[in-house]
Amino acid sequence: MREILSGGLVVVGLVFFGWTASAQNACQTDLNGDGVTNEADVEIFQSALGTAVGDEGFVAAADLDGSGTVTSTDYGIFLGCN
Ligand SMILES: [Ca+2]
């Protein structure tokens, strides 16, 4: 019984934290990871704009909607987060 209970809690925890992580990911605009979102991040974003997974210059962190390409949709999300 205890194993079933703790297994359930693990599943609930994974679902909860997974949802939280993906929700945060939508506004993860600190692309260079220095703790702030500023013009340096905008420059990184703009350099990646128009690239897709596998392209030179593609920045996965700039693909805010997770579509595999960095587009104006991602830029809209980027602006909406700041
Ligand atoms: Ca995208």
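## Basis of the model

The model is predicted: local features need pLDDT of at least 70, side-chain atom pairs count only at pLDDT 80 or more, and totals for chains, interfaces and linings use all residues. Residues are numbered from 1 along each chain as its sequence is written.

## Overall layout

The chain has three helices and zero strands, and its pattern along the sequence is α-α-α. Helices (H or I, at least four residues) and strands (E, at least two) are DSSP runs, numbered from the N terminus.

Of the 82 residues in the chain, 13% are buried. A residue is buried if 20 or more other C-beta atoms lie within 10 Å of its own, exposed if 12 or fewer, and partly exposed in between, with C-beta atoms placed from the backbone. Two residues are in contact if their C-beta atoms, placed from the backbone, lie within 7 Å. Among contacts with a separation of 6 or more, 25% join residues 24 or more positions apart.

## Confidence

The mean pLDDT (the predictor's confidence in each residue, from 0 to 100) is 81 for the chain, and 68% of the residues reach 70 or more.

Asp41, Phe45 and Ala48 are the buried residues of helix 2. They lie on the same side of the helix because they cover an arc of only 65° around the axis; the arc is that of the directions from the helix axis to the C-beta atoms. Helix 3 (72–80) is included in what covers these buried residues.

The face turned away from the buried side carries the exposed residues Glu39 and Glu43. Alanine 40 also has its place in helix 2. It counts as partly exposed because it has 13 C-beta neighbours inside 10 Å. Just after helix 2, glycine 50 takes a positive phi of about 95°.

## The nonpolar core

A nonpolar core is a set of buried Ala, Val, Leu, Ile, Met, Phe, Trp, Tyr and Cys residues joined through C-beta atoms within 7 Å. The largest one has seven residues: Leu31, Phe45, Ala48, Ala62, Leu64, Val70 and Phe78.

Leucine 31 belongs to this core. Leaving aside neighbours within four places in sequence, leucine 31 is in contact with Asp41, Ile44, Phe45, Val59, Ala61 and Ala62.

Tyrosine 75 is in helix 3 and counts as partly exposed, with 16 C-beta neighbours inside 10 Å. Apart from neighbours within four places in sequence, tyrosine 75 is in contact with Phe45 and Leu49. Tyrosine 75 and aspartate 65 are 10 residues apart in sequence, and their C-alpha atoms are 9.7 Å apart in space.

Glycine 57 lies in the loop between helix 2 and helix 3. This glycine is exposed because 12 other C-beta atoms lie within 10 Å. Leaving aside neighbours within four places in sequence, glycine 57 is in contact with Ser47, Ala48 and Thr51. A distance of 9.4 Å separates the C-alpha atoms of glycine 57 and isoleucine 44, which are 13 residues apart along the chain.
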